[in-house]
Amino acid sequence: MNPYNLPNWFVWLHAQLGFNVADPGVQVLLVLAWGVTLFTLIAVVAKAAVVFMVLMERKVLAWVTQRKGPNRVGPFGLLQTLADGVKLLFKEDVMTPQQDKFLFTLAPAIFIFPVFVLFAFVPFTDFLFGVALPVGALLVFALSSISVIGMVLAGWASNNKYSLLGGMRSAAQAISYEIPLVLAVLAVVLFAGSMNLLDIVEAQRGPLGPLSWYWFYITPLAFIVFLISSIAEVNRIPFDLPEAESELVSGYNTEYSGMKFAMFFLAEYAALFVMCALTVVFFFGGYNSLLAGVALPWGGTMEATLISTPMIPMDGEMMPLGVWLQQTLHVPNLSWLLDQLEKISWMVLKIYTFIFFAMWLRGTLPRLKPDQLMGFSWKFLIPLSLINLFAVGVQRFWAYPNNSLDTLFNSITTHIPFLIVWAVIVFGGVGVFCMLMSRQLNAKTRKRFAAPSA
Amino acid sequence: MTTASPAPELSLRDKPGFSDLQGVTVEHGLNTQDMVVNIGPQHPSTHGVLRLVTTINGEIVKDMEPVIGYLHRSKEKMAEGRSYFQYQPTIDRVEYLSSFYDHYVYVTAIEALADLKVPKRVEYIRMICMELNRITSHLLWFGTFLLDLGATSPFFYAFREREAIFKLFEDITGARMMYNYFRFGGVNADAPPGWLDDVRKVINELPFRFDEYEAIANKNPIVMDRCIGVGVTSYQDLLDYGVTGPSMRACGVAQDMRKTNPYSCYNEVEFDVPTATEGDVYARYKVRMAEMRESIRIVHQLLDNMPGGDSAELRKLEKEHAKVAEEIAAAKKRVTVAKKNEEAPNAADVAKMAEKAPELPFDYRTTGQKVNLMVFKPPAGEAFSMVESPRGMLGCYLVSDGTPKAYRVKWRGASFSNLTILPSMMIGNLYPDLMAIFGSLDIILPEVDR
């Protein structure tokens, strides 16, 4: 019936429209139709998100620096980004004869394409997602690294020295920070036992509520490594070396103007959105509510959403609010709809929390130097993520060979000896590592503070 | 720029990463090629129109040559074509971030030439203005320095405090940045009533703000990583290039004109000269932050010991004096034209009274000696005066031939000398270090080009 893994509602819709969805030929057509539909949906969602994020960034930065931010166009400056977008649309698209025209035009497209594809992987709810592939986690990072080619190409094709430096920096940065990023996610995949993003979200529902999400449940280490690397991956302060404006004017997009520049701009914010969404999916329980998985006093556990958890006593039974509303108001599918809405709200709320965090960082921190950037990744993040991966592997396959998240909490007492050993391994490893690092740093500092030659 | 100075102790060309070979070099088995980058004249971090012709290999700077002159406005030649007073407003534009200092060296040079006595109150007001100006200049430096490192927010915080001080300048001089306030032997006008209290209010608030800044930046690991051990200079380098100011004090030399050659009333106030020994970017940062606190200390003492106190009291005193003067004038009149039924006062008594008439003490005045500014002609001669400006030693050499126009005016700006050391500090460092090192030197281009 659905061999290409298309969303059920899409297939159902076409069956209702009179298509013979069992026919293999029709199924191929459906795949194409789904591609077009999906791209349109994503383009709309991504642009709406970016338009909001740009305004949000300006407002947050204004708040950090005690200014008012945009407040002229529309109420609270809501239309400011649209006005800016229209301005960029009508601007002249400057191209000098020295530039490689083909690559110069291709670069923004290569930059923006993977980001938009990534939107398809984000499970906003268990219903609202583009695709849920069994290799989702792998493909997400494979795709996100394609963007770098766009940056390098833009730097090369611009025939500008600042752009070239920016492009080179972006390549070095992407290579360095994708490794800890993927190593951190590997720990998640080990624990969830699946690379499907939907499964990963579902697996995070545990008896401890927010603490059973992977940011805490695996080790906070994996989450911290992922968070730092993801900010480096989307080139934001303190890792915005490819476009360091005080050094490289505007970095790889110095020569771009008009709509081509707008595409870079759009893709950068869209990438930030996707990265924050992935952080939420991997480490913050995706669309699960804050209390999902917690045991209820009257038996059973909280569902993914508050609205579909049995909470209202009726006829001697507990009934979810959504079902009660549906029965009272006689609206078909209302319970399901409310459930989906709540899931989207949780997801969006969590995503914007992380986006806010990234903006906050931008208002606070200065920029690293390229050598420090590389050193931080290779000497600090990668060893940390390897320690973390080792600890998680031991935890996963030695202590709880037959898995199950519940066993950790249900039989926590039986594992106390192991937990001690595990804690010694993890914290001891981190401690020894930090000690070595600090000794090295101290030696460096001593050298730096050596008396001047005069 | 290639300067004809003797080679420093440590040859800069021996630094790792430097190669005399231009073009293709082989480093770590890689064939690399040098690239010449023109940083400026329009570039976000040159703060004006400086052009740095930089040769880089990857990110390593191999050679750097500053090209200056894009902002040359013949400020020195202009002095020869107009009267001393007409030239004064243009001085503000020589160094627009701390122009009280430029005015000060100019008027003190003329005062030395014409032998004009300056009341103490004037000197105190001048010192308050200059010290506040040092704070605004350092605040702007703090903001732009961190902006160059990539932190945007401190810039806005620094400008907020700077604006509060500019409000004070506006109250006393009428302008935020182009003051034109000091006069030959005095100041343009006395401080408005209540101004001293306003100053006190602002500078009472400032130390808390500085604490906030230091909380943002001092212990920030990224700032420390980018500043500590970067752009280290030795004392010998500084002497060779004639670097002065905070850059010199960051090398452990307590060289401050206010202490070594006390001008104005700096021998009457207590203050320390902040120094650091490391000689790197971070040391320069620390010295400047400490200097702002010292400036506040100086201003507090000046406010407390201001001759004549607040101008409101002085105005009251002046009014009383005017009343007495009126009485005397009336009595004088009556000596010659006595009223009906009245005995004419004795002329000798009136003369005695006029002698005893109270007068504002010299130190309470805002003009020492009335000078007709339009036809002012100092006697022929030459004078050199110098001060410790926020950027280092600022000097003005003035030659007069007895005419209403100067024969020659020469400015010695600290920025010019401080800029010459930049290439030697940059060679062998990474390209992003340029922002830290160049920012830490606190160069202002109008002063370099004049």
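**Note on a predicted two-chain model**

1. Start with a turn in chain B. Strand 4 and strand 5 of chain B make a hairpin, with two residues between them. G58(B) sits in that turn and has a positive phi of about 65°. The model is predicted, and this note should be read with that in mind.

2. Strand 4 of chain B covers residues 51-57, and strand 5 of chain B covers residues 60-67. The two run antiparallel and are joined by seven bridges. One pairing to look up is V53(B), whose bridge partner in strand 5 of chain B is E65(B).

3. Further along chain B there is an open sheet. Three strands build it, in the order 8-9-10, with antiparallel pairing. Strand 8 (381-389) and strand 10 (406-412) of chain B are at the edges. Each has a single partner strand, so one side of each has no neighbour in the sheet. From one strand to the next, the twist averages 10°.

4. Look at the pairing of strand 8 with strand 9 of chain B. Strand 9 spans residues 392-400. Nine bridges link these antiparallel strands. Within the pairing, F384(B) stands opposite Y397(B), a residue of strand 9 of chain B.

5. Two helices of chain B belong in this picture. Helix 2 (residues 84-91) of chain B lies across strand 9 and strand 10 of chain B. Helix 2 runs at about 20° to strand 10 of chain B. Helix 3 (residues 99-114) of chain B packs on the sheet and touches strand 8, strand 9 and strand 10 of chain B. The direction of helix 3 makes about 150° with that of strand 8 of chain B.

6. Next, the interface. Chain A contributes 32 residues to the contact and chain B contributes 41 residues. Together the chains bury about 3100 Å². Carbon and sulfur atoms account for 61% of that area.

7. Which residues form a salt bridge with closest N and O atoms 2.7 Å apart? They are K369(A) and D433(B). The count of salt bridges between chain A and chain B is two. Ten residue pairs are in polar contact across the interface, both residues of each pair being at pLDDT 80 or more.

8. Finally, the side of chain A that touches chain B. Helix 7 (161-192), helix 11 (245-248), helix 14 (334-364) and helix 15 (370-399) of chain A each supply at least two residues to this side. Helix 7 of chain A gives the most, with five residues. By type, this side of chain A has 15 nonpolar, seven polar and ten charged residues.

Key. Residues numbered from 1 in each chain as written. Chains lettered and ligands numbered in written order. Predicted model: local features only at pLDDT ≥ 70, side-chain atom pairs only at ≥ 80, totals over all residues. Heavy atoms only, no water. Contact = heavy atoms within 4.5 Å. Buried area = accessible area lost by both parts, 1.4 Å probe. Salt bridge = Lys/Arg side-chain N within 4 Å of Asp/Glu carboxyl O. Polar contact = N/O pair within 3.5 Å; in protein donor to acceptor, adjacent residues only side chain to side chain. Helix = DSSP H or I, 4+ residues; strand = E, 2+ residues; numbered from the N terminus. Nonpolar A, V, L, I, M, F, W, Y, C, P; charged D, E, K, R; others polar. Pairing = 2+ DSSP bridges. Axes fitted to C-alpha atoms, helices over the stretch in contact; angles between N-to-C directions.
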